[in-house]
Amino acid sequence: SCTNVLTAGQTYYLVIDANPTPTCHPTYSLNLSMNSCSGMPTAGTAVASPSANCGPFTTTLSLTGTTSGCGITYEWFYSNLAAGTYTSIAASSSSSTQTFAVTGTTYFKAVVTCGASSATTAVITASIDPNSVGTGAVNVTMPYSSGAQTTCGAVNDVTSTNVANVCGSTNYYTGEDVVYIFTPTVTATFNATLTSSGSYTGLMLYNGCPTGTGSCVVNNQSSTGTKTLVAATASCTTGATVTAGNTYYLVLDSYASPSCNAYSIVMDATPIVTSTVVPCNLNYTAASTTFSFETFTGTALPTTDDVLFNTYISLGFPFCFDGQSYSGGYVASNSAFVFDAVPCNPNISTATYAAGGVSTGYSITGAAPINGTSVPRNAVLAPWHDINPASTATVAASKIQYQVTGVSPNRKAVISWEEIPMYSSACQTVAASRASSQIKIFEIDGSIEIHVKNKQVCSTWNGGYAILGIQNYNGTIYTPPVNATAHNFPTQWSMTNTAYKYTSPCSSTGACLTVLPINFKEFHGDNIDGINTVWWSTALEENVMYFVVERSQDGINFTDIGTVTADNRASSYTFKDYGAPKGIINYYRVRSVETNGKTISTNIVSINGSSDDLLMTWPIYPNPAKTEFNVRLSSKKQGNATIIVSNIYGSKVIEQQEKLSVGVEVFSVNTEKLSRGVYFIEIQNDLNEPITKQKLVIE
């Protein structure tokens with residue numbers, strides 16, 4: 001190596017001196033020599049490391065087998081074409097290494113110089129290759145099903161240190177990994193379901209190269225090997241959207257222990273069809289109609305105050321409300337009908353979704369539309385005011401009931417509040433103040449009628465306020481029967497023997513944003529003899545391979561539960577769900593799968609699988625759990641419930657008794673003493689009958 005490098009032609013002075021004492025050295029010796037390279041240097045072999053990545057990256061350029069020593073200099077050059085003009089990366093240097101930011105296929109060579117002689121290496125390349133994410137890289141198209149696989153032998157190529165953005169926890173980047181690569185041809189909703197008997201697995205979806213500049217779309221990481229991948233937002237869960245033309249990477253990885261797992265994975269990307277229909281924006285036409293208060297004996301609802309009643313009202317037909325298709329909803333004790341919640345948009349106040357037995361509140365503190373008070377959204381208000389069916393002032397005529405009559409396409413649902421006392425004690429005993437009204441929902445044209453037999457002002461409570469009309473899914477639009485103030489806060493108003501009809505342009509033209517796709521003619525479901533059953537029929541089938549029936553417990557995250565072979569002609573189909581969880585509301589939809597991979601889904605129908613007094617209104621949560629989990633139960637009467645936790649061997653490890661009140665309650669179960677693993681939760685009613693069984697993972 002060179003100690004000092006001298007430049008030819010320059011004069012140098014070597015000074016020999018000493019400290020003041022001694023001032024001189026009587027004897028010394030000095031050896032001077034100059035060493036420099038000579039002859040033709042050896043260029044050696046150029047190396048780029050790494051030479052490829054799935055996105056933009058920095059490579060390190062180096063030489064092996066090259067000449068080194070005093071006087072040797074190195075200079076690196078690059079070009080976008082192998083035979084193109086090469087540009088120097090930096091000035092020549094005594095260092096043989098260099099770095100370069102690769103944004104596309106790039107060609108490199110190095111020039112090694114000794115005096116007037118130089119040698120040039122062979123050209124090498126560094127490139128962006130979508131498949132260069134390790135041993136377990138698999139290119140797929142949607143839909144895709146892997147069958148039985150294993151990550152063993154796939155090598156730990158994607159780590160928390162080489163990814164641009166860690167998607168979730170770094171712990172799930174330490175095992176051997178498999179990466180699935182796909183480029184959707186249409187913008188779609190992406191779903192992935194991983195099934196594995198292993199543990200501590202993670203699914204991480206990237207838009208773009210994970211070891212390049214790719215961004216995290218969504219992840220699902222937990223101790224259980226089985227999971228569904230969906231995108232999480234601040235307050236809700238929705239499907240992950242993938243954009244046409246972008247390349248996505250689904251990384252399947254795990255903890256360092258176990259370093260690998262056996263698995264199978266199913267993926268699909270359901271196209272997002274942009275409707276040409278202009279959303280309704282609650283653009284209903286309201287007009288007076290003939291008053292007709294129907295007399296009937298229907299299904300009676302309990303006398304509970306300020307709640308959505310436990311019984312889910314199945315209309316028996318898909319109904320288009322404000323451009324969305326619904327199969328039913330809930331009756332509010334304060335005189336309203338609330339359609340199912342739209343995901344991410346609670347119906348009551350700012351955080352409560354429509355469900356049997358939930359508390360609605362009663363206060364009216366501002367004019368509709370209003371988002372943040374008790375006035376329900378996605379609802380028909382008939383009117384919304386503080387009446388009290390639980391009052392001791394009720395009489396024989398006081399009742400809340402509903403019925404569905406007629407046959408397709410002329411079915412009609414009627415919800416009726418009759419002779420219900422006001423909440424205020426000053427008005428409860430006044431017979432003339434009792435409220436009576438009905439809501440009528442028509443299949444034939446999607447219209448809604450509100451018939452008010454009697455509504456008086458009770459000014460001594462809640463300001464005497466009441467709101468009549470319809471309100472959209474997020475509380476931003478209110479359509480009154482007359483004008484924005486006549487039957488709205490803060491007007492005090494009364495009404496007798498008056499009716500209004502709401503006609504929707506969306507429904508009347510058959511243009512419902514989530515109405516059945518063109519090849520589906522009808523889709524509905526019901527609980528028949530204790531079995532959840534769905535029916536659908538098609539007006540057209542062409543190149544359809546089969547239909548997939550999907551079930552959900554929250555109306556958002558769906559799991560495939562069965563397939564039905566397509567007839568490829570206009571047909572009718574039936575599917576019975578013998579495995580439906582009992583004691584809860586289940587949501588269903590059907591997806592057709594064509595030979596070219598295209599899928600089309602129906603609207604969602606909900607089926608209440610139980611007529612019991614005790615109902616579980618939401619899956620256990622959180623799941624996986626750490627120190628506790630919660631159970632949300634809805635009861636139509638006072639009583640008791642038993643929560644039983646069993647291990648995988650069937651041994652009971654926790655038994656917790658709870659006293660029930662009428663309505664919805666949340667009960668917590670402490671799991672701090674349980675070891676990590678899989679457990680089974682059973683909820684029993686007063687008669688020790690199981691109403692539901694669910695699986696829980698303890699982390």
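Analyst: Happy to start with Phe 108, which is buried at 0% relative accessibility. Please keep in mind that this is a predicted model. A search of the whole structure turns up 19 aromatic pairs, and one of them is Phe 108 with Phe 100, an edge-to-face arrangement with 5.1 Å between the centres and 80° between the planes. Phe 100 is buried too, because its relative accessible area is 15%, under the 20% cut-off.

Tyr 423 and Trp 461 form another aromatic pair, this one tilted, with 35° between the planes and 5.2 Å centre to centre. Tyr 423 sits in the loop between strand E30 (412-420) and helix H1 (425-428), and Trp 461 in the loop between strand E32 (448-455) and strand E33 (467-471), so the pair ties together parts 38 residues apart in sequence. Tyr 423 is partly exposed, with a relative accessible area of 33%, and Trp 461 is partly exposed at 31%.

There is also an aromatic cluster, made up of Tyr 284, Phe 319, Phe 321, Tyr 326, Phe 337 and Phe 339. The sheet to look at alongside it is an open one of 6 strands, in the order E25-E26-E27-E28-E33-E34, with antiparallel pairing. Strand E25 (313-321) and strand E34 (478-479) are its edges; each has a single partner strand, so one side of each is left without a neighbour in the sheet. Inside the sheet, strand E27 (residues 336-339) pairs with strand E28 (residues 379-384) in the antiparallel sense over 3 bridges, and Val 338 stands opposite Ala 379 in E28.

Rings also meet charges here. The charged end of Lys 455 sits over the ring of Trp 493, 4.3 Å from its centre, and the charged end of Arg 589 sits over the ring of Phe 558 at 4.0 Å from its centre.

Now to the cysteines: the search of the whole structure finds 5 disulfides. Among them, Cys 37 is joined to Cys 114 with an S to S distance of 2.0 Å, and this link is right-handed, with 120° about the S-S bond. Cys 37 lies in the segment before strand E1 (45-49) and Cys 114 in strand E7 (residues 106-114), so the pair ties together parts 77 residues apart in sequence. Cys 114 is buried, with a relative accessible area of 4%.

Cys 54 and Cys 209 form a disulfide as well, with their sulfur atoms 1.8 Å apart; the torsion about its S-S bond is about 65°, so it is right-handed. This pair links distant parts of the chain, 155 residues apart: Cys 54 is in the loop between strand E2 (52-53) and strand E3 (57-64), and Cys 209 in the loop between strand E15 (199-207) and strand E16 (215-224). Both Cys 54 and Cys 209 are buried.

Cys 167 and Cys 216 form a further disulfide, with 2.0 Å between their sulfur atoms. The torsion about the S-S bond is about 45°, so this disulfide is right-handed. Cys 167 lies in the loop between strand E12 (149-150) and strand E13 (178-182) and Cys 216 in strand E16, so the pair ties together parts 49 residues apart in sequence.

Conventions:
Residues numbered from 1 in each chain as written. Predicted model: local features only at pLDDT ≥ 70, side-chain atom pairs only at ≥ 80, totals over all residues. Heavy atoms only, no water. Pairing = 2+ DSSP bridges. Helix = DSSP H or I, 4+ residues; strand = E, 2+ residues; numbered from the N terminus. Phe/Tyr/Trp six-rings, centres within 6.5 Å; stacked < 30°, edge-to-face > 60°. Buried < 20%, exposed > 50% of the residue type's maximum accessible area, 1.4 Å probe, protein only. Lys NZ or Arg CZ within 6 Å of the ring centre and 35° of its normal. Disulfide = S-S within 2.5 Å.
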